[in-house]
Amino acid sequence: MESRFEEILDKIVNEGNISREDALKRISAKKNKMGGLLTDEGAAHLVAKELGLDVFEDISYKKPSLEIKDISLDMRNVTITGRVTRTFSPREFTSKDGRKGKMASIILADKSGEIRVVLWGDHAENISKGKIKEGQIIRIFYGYVKEGLRGNPELQLGYRGRIEVEPKDVKASDYPKAKSRVIKISEIEPNMLSVDTVGVVQRLSPTSEFTRPDGSPGRVCNITLVDETGGIRTVFWDNQVEIAERLSEGDTIKIEGGYTRVGLRDEPEIHLGKLTKVTINPDIKIDVEVTPQTQEISVKIKDLEPDMRSVNIEGRVVSVSDLREFTRKDGSSGRMIPFTIADDTAGVRVVAWDDHIESLSGLTEGSTVKIQKAYTRPGLQGEVEVHLGRFSNMELNPAEIEIPDVKLDVKPKAKGFTRKNIAELEKNQIVEVRATLIQLYQRKPVYEACPICAKKVERVNDEWACKDCGTVEEPAIRYMFSGVLDDGTGTIRGNFMADAAQKILGMPPEKANELIKKASDQTEPIKVKAPEVEGKEIITIGRVVYNEFSQLLELNITDIKEANPQEETKMLLSKVKKKRG
């Protein structure tokens with residue numbers, strides 16, 4: 001940067017007809033006036049501008065080594081070169097002080113990655129005037145980096161910035177060529193900036209309306225989109241909802257310019273915003289068969305499994321928690337009540353959301369309930385939970401059912417599990433694995449969590465926010481860290497959560513968080529405990545999951561225990577007897 005400052009200074013002296021001493025004084029005065037917020041180079045630019053000099057022209061340029069992957073938050077004076085892979089039309093806005101302006105955005109890519117670039121003012125006009133087009137290589141000068149709406153770095157280009165189209169000193173072959181945008185659903189990942197895909201509508205959900213914090217109304221609905229490779233939840237917002245409401249199951253749609261987020265069960269989902277284009281029934285053949293809606297099934301509580309749909313159960317209420325109210329990130333309010341029911345086989349935790357709350361006004365211990373079209377999901381401790389969704393029904397104290405008295409101390413228990421070797425594991429099994437913990441990953445072991453849904457919260461405008469539940473007054477501190485397990489038949493990544501994580505580190509998550517702050521090191525709790533636990537044999541209990549990114553099985557561990565020699569001997573003898581027959 002010093003050599004560039006000297007170049008600008010030389011131009012001021014030579015073309016501004018002032019002495020070097022006078023130029024330096026003016027530059028120093030500019031810096032003092034701005035309270036030290038200007039660099040030497042920035043102050044020199046302002047002095048040159050006052051003298052009517054264009055310091056961008058005729059100044060030697062050295063090709064930057066910065067790549068998109070190197071860009072991080074709060075960087076200033078960024079110079080980057082890349083290929084424009086997508087442009088988005090300019091939009092007008094009104095600032096808080098009433099001034100009108102324009103902004104547009106592009107996606108810029110090099111071999112290391114891609115980034116959204118936000119263009120302000122006259123730079124946005126370059127899009128509408130056709131000066132910046134998809135496929136061009138451009139160089140951006142004096143950009144600055146801010147956090148985007150989805151938490152990723154975005155490059156901003158304001159009045160001080162400059163764009164050079166098709167710079168002469170670059171090779172087109174050094175930058176990725178524009179590829180066909182349409183990708184299969186199986187190729188879609190979270191946090192993609194721009195996605196084109198084609199699929200068949202598998203499921204349609206009703207539209208929901210809400211009010212944003214600024215008082216403006218909003219609408220949202222979602223569908224399930226499928227192709228030959230898989231399915232994905234697809235969310236329509238505001239004006240896009242009108243398109244969704246014209247759809248029928250079996251329709252084919254082409255999406256251009258959607259973006260992705262991490263959605264339910266940490267799977268990617270597509271979102272359709274203002275700039276997304278949707279074509280209904282384009283001349284494209286998708287060879288998939290639309291499956292009928294899941295049939296309802298009635299089961300006893302002991303037979304519940306994770307990820308069941310349209311399930312019917314009956315039971316007697318054994319405990320009821322207080323009503324919890326919250327505000328979602330989109331500004332809508334939400335309510336939930338957890339309660340526990342039991343039949344003559346087992347107990348289970350039930351979570352009722354929003355509209356179902358009104359039907360629970362008479363819910364007390366001893367009440368009987370009939371639940372229809374509910375769905376199940378794993379709880380924090382690996383147990384099965386029942387959730388009342390949009391299409392669920394619940395009847396309180398129905399006359400036609402009889403539930404025997406149950407003990408009021410019945411609590412939901414984790415689904416029964418069997419001992420498995422790592423080599424035998426399959427997706428969605430709830431298992432017990434005896435293995436050696438050979439390594440803990442050196443990463444931050446805790447996270448700030450929503451106290452309602454336990455998902456990670458983020459700091460947005462000095463407030464904690466959950467993507468599902470909205471603003472959170474005080475986040476909970478929860479464990480989530482990983483290690484490698486080896487049982488001789490194979491290895492697997494183990495993800496330690498809740499009680500299992502606390503047993504491994506020997507401290508509550510709040511204490512681990514205090515250690516991190518005290519040491520100013522996010523890995524401090526792992527560093528302290530790793531020497532004690534690495535190489536130790538443990539018995540883990542958890543659920544086998546498939547990681548779409550690594551394409552490997554992982555074990556979400558909710559409990560651990562040390563191997564008991566007597567119990568292990570009995571188990572071994574039992575296996576030997578079975579083999580002998």
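Reader: Are Y479 and F481 buried or exposed?

Author: This is a predicted model: local features need pLDDT of at least 70, side-chain atom pairs count only at pLDDT 80 or more, and totals for chains, interfaces and linings use all residues. Residues are numbered from 1 along each chain as its sequence is written, and side-chain values use heavy atoms, leaving out hydrogens and water. Buried means under 20% relative accessible area, exposed over 50%, partly exposed in between (1.4 Å probe, protein chains only). Y479 and F481 are both buried.

Reader: How many aromatic pairs are there?

Author: Rings of Phe, Tyr and Trp (its six-membered ring) pair if their centres lie within 6.5 Å; planes under 30 degrees apart count as stacked, over 60 as edge-to-face and the rest as tilted. The count by this rule is two.

Reader: What kind of pair do the rings of Y479 and F481 make?

Author: Their centres are 5.8 Å apart. Their planes stand at 85°, so the pair is edge-to-face.

Reader: What kind of aromatic pair do F481 and F496 form?

Author: Centre to centre, F481 and F496 are 5.5 Å apart. The angle between their planes is 25°, and the pair is stacked.

Reader: How many residues apart in sequence are the parts that F481 and F496 tie together?

Author: Helices (H or I, at least four residues) and strands (E, at least two) are DSSP runs, numbered from the N terminus. F481 lies in strand β28 (residues 476-486), and F496 lies in strand β29 (residues 491-497).

Reader: Which element gives the most to the largest nonpolar core?

Author: A nonpolar core is a set of buried Ala, Val, Leu, Ile, Met, Phe, Trp, Tyr and Cys residues joined through side-chain atoms within 4.5 Å. The largest has 29 residues, and L440, F481, L485, F496 and I504 have the most contacts inside it. Elements giving two or more residues include β23 (430-440), β28 and β29. With five residues, the top contributor is β23.

Reader: Which residue joins S105 through a side-chain polar contact?

Author: S105 is in strand β2 (residues 100-110) and is buried, at 7% relative accessible area. A polar contact is a pair of N or O atoms within 3.5 Å; within protein, one must be able to donate a hydrogen and the other to accept it, and residues adjacent in sequence count only if both atoms are side-chain atoms. At 3.2 Å, the side chain of S105 meets that of R116.
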